[in-house]
Structure formats: C-alpha cells, structure tokens
Protein chains: 2
Amino acid sequence: MILDKVNYPKDLKELTIEELNTLAEEIRALIIKKVNATGGHMAPNLGIIEATIAMHYVFNAPEDKIIFDVSHQCYTHKILTGRKEGFINPDKYYEYTGYTAPEESIYDLFKIGHTSTAVSLAVGSAKARDLRNGSENVIALVGDGSLSGGEALEGLNNAAVLSSNIIIVLNDNDMSIAENHGGMYDNLKLLRETNGEAPCNLFKALGFDYLYVNEGNNIESLIKAFNIVKDINHPVVVHINTLKGCGLKVAEHNKEAFHWIMPHTLDINNETEEVEITEDYNSVTNDYIWKKVQEDSDFIVVNAATPGVFGFNKGFRTKLDNQYTDVGIAEEHAAAYTSALAKMGAKPLWAVMSSFVQRTYDQLSQDICLNNSPVTMLVYWGGISSADATHLCIFDIPLISNIPNMVYLAPTNKEEYLAMLDWAVNQTQYPAAIRVPSCELVSTGVEDKTDYSILNKYKMVSEGSKVAIIAMGSFFELGKSVKEHLKSVLGTEATLINPRFITGIDEEMLESLKQNHELVITLEDGVLDGGFGEKISRFYSDSSVKVLNFGAKKEFTDRIPLEELYSRYHLTKELICEDIEKCLNLCKI
Amino acid sequence: MILDKVNYPKDLKELTIEELNTLAEEIRALIIKKVNATGGHMAPNLGIIEATIAMHYVFNAPEDKIIFDVSHQCYTHKILTGRKEGFINPDKYYEYTGYTAPEESIYDLFKIGHTSTAVSLAVGSAKARDLRNGSENVIALVGDGSLSGGEALEGLNNAAVLSSNIIIVLNDNDMSIAENHGGMYDNLKLLRETNGEAPCNLFKALGFDYLYVNEGNNIESLIKAFNIVKDINHPVVVHINTLKGCGLKVAEHNKEAFHWIMPHTLDINNETEEVEITEDYNSVTNDYIWKKVQEDSDFIVVNAATPGVFGFNKGFRTKLDNQYTDVGIAEEHAAAYTSALAKMGAKPLWAVMSSFVQRTYDQLSQDICLNNSPVTMLVYWGGISSADATHLCIFDIPLISNIPNMVYLAPTNKEEYLAMLDWAVNQTQYPAAIRVPSCELVSTGVEDKTDYSILNKYKMVSEGSKVAIIAMGSFFELGKSVKEHLKSVLGTEATLINPRFITGIDEEMLESLKQNHELVITLEDGVLDGGFGEKISRFYSDSSVKVLNFGAKKEFTDRIPLEELYSRYHLTKELICEDIEKCLNLCKI
C-alpha cells in the first residue's frame, strides 16, 4: 500500500503521479468501506479525493492555510494529516469527527459544519497574514452548492478586493445536497461547457482572476493548476469540474441519496427488500402537504437545500410541481420569499432544520415578523441530541420565540400537530412556527379541535396539587413519566400541563396554580438560556411559588451521548423527582 | 405648480415629459426644504426622483408591485401616492415615516428599513402572482450599496430562475452609505463605462436579461427603458446610472455626509462656525483605536458599511490605513472575517449597530463562538428608543448573550468601558462583545483596574439590605436614582450592584444576597424576553427571594416617544419604587 508510507502531507511530495493515483484509489476504497460501516458523507468525499491529494502535494500545510467549506468533504484531508487510523482501523472509526476540528489536528483551522463560511474565513486568514507580512498561501475549498449562500457571496465580493494571495478552489460537481437552484448555476454550466472560456464569467465579474480545470478528478491536471496559482499575489478562483460520488457507480448515479448515507447502505439490496413504511412526523407532514396542494393552489412548500431532512424525496418534489420551491442554500432568501408569498395571498409552508434556522435571524424579525406575514415555518429536529457541535438543535427557542408577533407552537402528538399545522397554514393573522416533535410519533387517536387563534392557552392535562409540571413539545412524555414517578415516590398527585405555545404565557392558568401549588417545574427540549422556562420563572418571581427549569445548559456539546446529556442536565424522571423533593423540603424550612 | 394636479400615480399619466421634468424640480425643492427641516435621507432621495416618477408613469401601482430596498429613498414615492402633505405642510412633516409603511398606504407593500431585502421580497411577490395566474409587474428598486448584502445576492440568484415577470431596477449611484467595497463594484463601473455593453456582466452571469440606462436622472430615458421591460415575461435587470444628491451641489459633493443629515444642516455655515468637541463614547473609542493602531500592527478595526454611526469619518478611516476594513453591507462576512483574523493572531475590533447585528446570528454562533475566536465586538446604540420599528435596538441581548462562549459586557462609565475594551482586545481566550453605553458619557475619573478575565464577577457598588438593585449598563444611572428614591420614600437603604457581565451569573454574590434581601430587581435597557433579568429570576426561582425584572416588553414599537415607553415599561424611579413597594407589601402577606 502506498498509504503505508503516507502519514502527513510531506510524505506525498516524494511520490510519483502514478503513485499518487494509486494512493487515491487506496483512499477511495478506505472511504467507501468506512463510510458504509459508520454512515457519513459518501459522495462528496469520493469526489474530492484527487483534489485533496493535489492540494496537499502542491501547498505546504499547515503553513499554507487550507479551509474547507462545510468541511463534510474533509475525509481525505484527515487521512493525509495524521488520522488515517480513523479510516483503517474499525476500532477507531468513531475517533475523529466528520468535520474539520482544530482540537484533533493543527491541519484543521476551524471547527466548521454549516455551509458557505470558508471564503470569508479565508479572507480573514489572508488579512491576518498581510498584517504580519507573512507569505503563506490561503486556500478556501468551496462547493458549488455552498456558493448560493449569502455568506459565501458576501465573502467572494470581499475576497476579490484583497490585494494579496487568496485562492478559492471551487469544487463544482453540479450538485448541492440535492440539485442546485439559481441563476448562477447556468453560468457554471456555461463555464464547464466552454472549458472556462466564456467571456461572461461570474467570478471575473466579481473581480477574480480565474483558472478552469476540466478534469477535476485528475491529479496531474490539478497539480498543474495548483502550481500555477501557488504564491499568486492576487485573488484567484480555480474552478475544478469534479464528479460527486466518483468511483462508486451507485453514488455517481444517485448523487442526492449518497450525499449522506446511513450505515450499511451498500449492503442492502434495495431491489428485493421490502421497506416497511412506519408513520412518523415526516410522513404525516407529507400526507398533509400532498392533500393541501391538491385542494389549494395558493399553498406552496419552500425549503433551502435540505429536502431529504423532511422526507421530500425527488418523487414527492416532482409531484408538488410549481407549488414547491427549493431556494438552494439561501435561508435568508427563504424567509423573505415566504414573507412576500404570504403577504400577497399565498400560503407558504417553509420547512427548516433547527440548526439551520440560525442562518436567518434578521429576516425572521424584519421581513416576516415586523410585517406580520402569515408564514408557516416547520422547525425540524429541535431538541437535545448527540450531534456534532456544529449541528446542535437546541437554540431555536431563544432565537425564534423572543421575536415579537411570532407564534411558536410545540405540539406533543400527531393530532395536535396536524391541528396546529392546519390552523397555521390557513390563518392570515400571525407568522407561525411549529416545532415538529423530534421524538417518535405519538398518536392519541382523538382529533384536536382546539382553536389556536386564541393565543397562549395552555392545556390542563390533569389537575393535581402541590407540584405542577409544564412539559413542552417532545418533552411532554417525560412530563407524564415524572408525574407518575412523583406519585410513586412522594405520593403527590401533580398537575400536568401541555403549554402548546412557546411564545406566550397563559397568565390565567399560571395565576390559578398559585392557589394550591408550591412548585412549578418546566421541561423544554432545548437550551434554558433565553428559552421558555425562564419566562415561567419570571412570571412567578414575585410570588411564593417556586420554579425549577429543566433543559440544556448553555454550552456547545460535541457528539456527547444523549443519555450522558440527560444525566448532566437532570432530564430523567428520577433526577427530576429528586430535584423536586429537594426543593419541596427547602420550602418547608 | 404641476404638483397641485398630482395626488396619485394616475395623475402623472396625463402629463407631458416637460411637465414631468418640472414636477421633478418641484419635488426636489420640497424634499430639500423638508429634509433640511426634519433631518433624514437627503442625498439618496434626491438621486431617485426621476426614476420614481418614471416608474409610476410607466407602471400601474398598486396593481403593479413596486418594492423599495431599505425604502429610505421612498420620499418621492410618498409624495406621488397620496402623502404630499407630509412634505408640503410643516405641520405634517412628522406624519409619515421615512420608510415604506403599509399602514400608511396601499402603495407601500412592506414595512422595510434594513437593507438588501427587496429582491427576495419581489421574488415571493412574483411567485404569489404566478400561483394565482396574475399578470401584474413586480419591480424591486435596489441600490448598488445594498447589492453586497447576502440576502440581496441570494435573492438575485433565485430571481434569475423565475420563469416569469420580475424587474430589478438597480439604482447605481456608485455609493453605499459611504463608499462601496467589493469586487462587484469594479464590474458596475465597467458596465457604466461601456454603456452596459461589456461582455463580462455580473447580472448576465447570474442569468438575467439586462438593460442599461446611462442617464438615470433623465425621465425620458427612464420611461423609454421601463416601457421596454414592462410586462416582460422573464427576469430582467435595469441598471440605471444615477447621481446621489442630484440637484443639490453640496450633497453631490459630499455624498456620504448627506446620506442622512441632521435637521438644519443646510442652514449651518460650516466654514465659519466652530464645532465644539465634547467627549462621548464615540470619541473615547476612537482615541483608543488610534492609540492602539499606532502601537500594535496586529490590531485592526472592521465595520460593515455604517462608519458614520461610530464616528469613523473619512479622515479617521484614512489614518487607520490597512488596519481598517469596511466590508460593505455584509455583516455575515464581517463576523467570519473577524473570527479568522482573531484565530490567525490578529486583534480585530468589529463595530456594529445593535439593530444590524441581527443580520448575522449563525456566524456569531458558528464562525466566532464555536471556534472561541477572540474577536472584540462593539455593539452601538443598544437600548430602548423612539426609533422606527425597523431600527429598534432592544434585541441584541437575547441575540448575543444566549450563545455559548460569548462574553458580553455592559460598562456603566468611561473608565470601565476603556478597561473592558483594552482587556477584550488583548486577551485571546474568549469572543467578547461590549455594549457601548447609549447614554451620555459618565466619567468617574478613577481608572478601572478590574481583571475582566475573571468572568461573571458583579460589582457590589453599595451594600444595603432588603432590596437589591442590579442595574446594567446604560441603566446603571437609573439604578442609582432608584436607590436614592427608595431611601426617600421607604427609608430603605438598598443594595446597588453593577453586573458588568451580561452573559453570566455571579452565583456567589447572588447567593449572599439571600441573607438579608427580600427582593432583587433587575434593570436592563432592552427587551426582557430572553434577556438578562430572566436569568436572575431563574436563579432565585427556587428560593424565597422575590425578583422584579424591568426592561422593554416584547413588541415592535414605532417612533413612540421615549418618555412614553419608559412610562409604559415602568422605567422611571417613581414607577419602579411603586412596584417595589407593592411587592414588599405582598411579601408581608
């Protein structure tokens, strides 16, 4: 194996082109095997093996700075920078994260996971170099899909006026996570078709020098190109035409499905195996969407580049036809776009992941809420998880719920969810967001006939005394189990409340609890700081009712097992009941 | 006067070109007089008079939808859509806002004040039209300065693939608020210089049809162009070359100074009058910056397009030389750029207005805080004000302070501010933000020697009992007056605390207050929801100490006088003391 001789980039520099090509195939085999075992970003990594080898061959990291956009495509980089054991040795498969991580290696400059940041980070890195009169190369590797994000475009506009070295390697595989959307992609196509020679060139229009590499999976071509731009004294874009999924036929042909795969995807014979359809929040959402699309031509579904998260597969998207827009990676645009749709009489439903809704705050505030546009947002995956630090989904409640006019709803079961969804889509008074439960589907079998236009009415699920449990959204089931456990250990019949509304206080109900409750606890599946529970604490802060808020601490956690987080944050029925008992005992003193 | 005959756009359609030209001059005179009396956006409005007349002449608003970016340039539009009295009659000068406002007129489609939103709003408006098979024109008027914002670029990329009518009128006056920054502006220059015929064309590269109008202040040329694109069946950019400040020589020659002027600017003879220099938070900041720039070549100041807000005038910016970057309207880029600068060893100081920091949340979280980059942010103008709803500065505390790793500081006087600033700039451990006091400068005359690397240590200013006042930042002076008033009305010697840290709890001090305090009150100059006070409420929620949080309600207020807001929110010493008294009486029951 050539790879046996390669531990760090310097080892590449001794190899011939032929050996580098062999190395690429060895790495390809490793990635396919490892990613099939653990799950991960298969197709993006297969497409960028050659370019990564060529970059590390030509440039001198870590002196030269290579910054990966999203950094989901950094597997080859990790293999070449001291971490190949994470791909060779199954015992170490989980040792390294799937993104660049400075705590792992000096070759990783930033902790990155969200899209469209690399160009701006490169501009800052280059400027810092210039301030100290350094001379290293600064390289940003960015995919065509990421280019449509506002931060990337702001970055390009600023990169172009740097009067020193900065190299933008545009990894153009003609795909985002799903297909690309937007006018710029026709220009990329034109550039590919003209071998980079079309006079109308987006990057030249932005002020860059420009170099095109048609064979983006050919190490020799790439080395040649990178040698041309190495130590360049001005901004340049190197546009490389790569093949997503390169070398794994099924991935080449199913680029979207193989963007990120579950473990053992390659081992499953899809053609023979019957896939069992289980009802979940995605499926009931999509059933609702399909029904609504058919009966209401003003209804339109919008998302930004991650349709797979919502189960909007290719067939489903095609069925929705002109009542569906994927805006590409462009969450700010999605917010303003849906706001205008709603203001002009359409009924937009915008699906977005909790972690990615972070990419648009001002537009939620100014474009949507200030205009009181009746947009419906579905916020997916909100909750505490064992995710990478870059993909935490615990901040959406502080982000969304503190904006005036917004109605943020937290359903606890299928029937409630569908009632909220239908209300939100058809009303014209408020911007509404719904936190799609991130737990398994719960069904009561009983239709929810609540009128959600009466805002901030909490649901009294069962009336007890002494302790009241306000259990929100996907933590409602936890609330139920706390109630039961409390009965068994303390003999207390606690009150259980489903608040349903994240954005407001049911003053009447909270006031009434003062009569015969000593303690109110809140349970929320998200960060406590700026969240829901603190508002309950504020409400009772001038009374004798005590409050305990349960939820996540304000911290970035990184792939910490969920059980460990639940234990850390006291989010089990046993730990919660212990805290309740302690607090009640204190009350007695 | 031609204007006597013109109340609505339909009245324009009866006029000859000559009459339209006369009308333009009448409107110009009105705007100059009114804006000089009230203050406002002088130069942007003078530049767009002819284009606004031509748009309303050719298109049929309100059926045709005209969407103004930022909408600070909408004065002529207001004059032509039933609101000319607001410019003619001094008694009505303050009747209409300076931005488009749907509550004023059906000709105003959105409440807008932040930049770079119009293209995306137009795409949504056009799509809503297409869903109902409508045929009206949708027009976005956007300035060249706004184009560098991520939302505008995301919008353009999506607008270009709409397969129906959308008309982007690019008002190119070769200026942002200050000068433009970024590679795209060279392309705009090239297009102006080639009468729009250069083959390398940013808008064509994005997929648009394109039309250039060199005489952007010539009504006849504009009408001709707008007639060409009227009812077009695909996306088109109409690039019009206008003169910012057109028709007012002093504004034409001082475009930045006349972007927004104070009342009576034209009446002041600048050459003879001595301007008295008073020390304020801007001047002490700039003194610090200038000193630091001279002694430390790694120190660099960054802002996004509003240098005037910080008092970074042209001369000052020139002095800072390569240790200053204006990134243009590009707050997301500013966040990532400063993060990388800090990670690579430079010392970036990023100045940003509270209202505009909203334009970058994910980048604060992912690019800066997750990477723990020692960026220093100066957040200006934070606090409750009588501002337009579009420019409120009350949301920065929930926005910034709930992100892990961030250290958000609230100085209460000059010496504290400078100590915090110097600490923040020179440390390498944390992202730090400082909320520059929005009140008049307070000086103690005593150097602050606090070590701010010991986080979350509140300052016990005076130790009393029964009631403790935690008074943050620019509300510290209010806290002092509450303490005095409380003594005079209740005879209570209250404890006064300056928390200094917004992002954390001084558990030791708060715990110690339990000994001899019944009530803790918090004062913050911002919205309560998700803010500082709620964290204090949470801290005491399981104890017998009562808490009252004072601050703004979660609502969009629109040009409400400050006194009225203070009264509404109980932010006067009298109202606060009444609430304290009520709460203490309740405690006794």
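Predicted model: local features only at pLDDT ≥ 70, side-chain atom pairs only at ≥ 80, totals over all residues.
Reader: Which domains does the assignment give for chain A, and what distance separates the centres of domain 1 and domain 3?
Author: The assignment divides chain A into domain 1 (2-250), domain 2 (281-435) and domain 3 (459-588). Taken over C-alpha atoms, the centres of domain 1 and domain 3 of chain A are separated by 47 Å.

Reader: In what order do the five strands of the open sheet in chain A stand, and which are at the edges?
Author: The five strands pair in parallel, in the order 1-2-3-5-4. Strand 1 (65-68) and strand 4 (209-213) of chain A each have a single partner strand, so one side of each is left without a neighbour in the sheet. The edges are therefore strand 1 and strand 4.

Reader: Which helix packs on this sheet of chain A, and which strands does it touch?
Author: From one strand to the next, the twist averages 20°. The packing helix covers residues 118-131, and its direction makes about 175° with that of strand 2 (138-143) of chain A. It touches strand 1, strand 2 and strand 3 of chain A, and it is helix 7.

Reader: How many bridges pair strand 3 with strand 5 in chain A, and which residue stands opposite Ile167(A)?
Author: Strand 3 (residues 166-172) and strand 5 (residues 235-241) of chain A pair in the parallel sense over seven bridges.

Reader: Why is strand 5 of chain B described as largely enclosed?
Author: In a regular strand, side chains alternate between the two faces of the sheet. In strand 5 of chain B, Pro235(B), Val237(B), His239(B) and Asn241(B) are buried on one side, and Val236(B), Val238(B) and Ile240(B) are buried on the other. The strand is largely enclosed by the rest of the structure because its buried residues number seven of the seven.

Reader: Which strands are joined to strand 5 of chain B by bridges?
Author: Strand 3 (residues 166-172) of chain B runs parallel to strand 5 and is joined to it by seven bridges, with Asp172(B) opposite Asn241(B). Five bridges join another parallel strand, covering residues 209-213, and there Val213(B) stands opposite Ile240(B). The two partners are strand 3 and strand 4.

Reader: How many residues does the largest nonpolar core have?
Author: Nonpolar side chains tend to be buried together in soluble globular proteins. Val238(B) is among the residues with the most contacts inside this core, and those it touches include Ile167(B), Leu211(B) and Val229(B). The core's residues number 385.

Reader: Is helix 8 of chain B mostly covered or mostly uncovered?
Author: Helix 8 spans residues 150-159 of chain B. Its buried residues include Gly150(B), Glu151(B), Leu153(B) and Asn158(B). With ten of its ten residues buried, helix 8 is mostly covered.

Reader: Which strands are at the edges of the six-strand open sheet in chain B?
Author: This parallel sheet has the order 7-6-8-9-11-10. Each edge strand pairs on one side only, and they are strand 7 (324-326) and strand 10 (407-409) of chain B.

Terms used:
Residues numbered from 1 in each chain as written. Chains lettered and ligands numbered in written order. Core = buried A, V, L, I, M, F, W, Y, C linked by C-beta atoms within 7 Å. Buried ≥ 20, exposed ≤ 12 C-beta atoms within 10 Å, placed from the backbone. Contact = placed C-beta atoms within 7 Å. Domains from an automatic or database assignment. Helix = DSSP H or I, 4+ residues; strand = E, 2+ residues; numbered from the N terminus. Pairing = 2+ DSSP bridges. Axes fitted to C-alpha atoms, helices over the stretch in contact; angles between N-to-C directions. Lists of a residue's contacts leave out its neighbours within four places in sequence.
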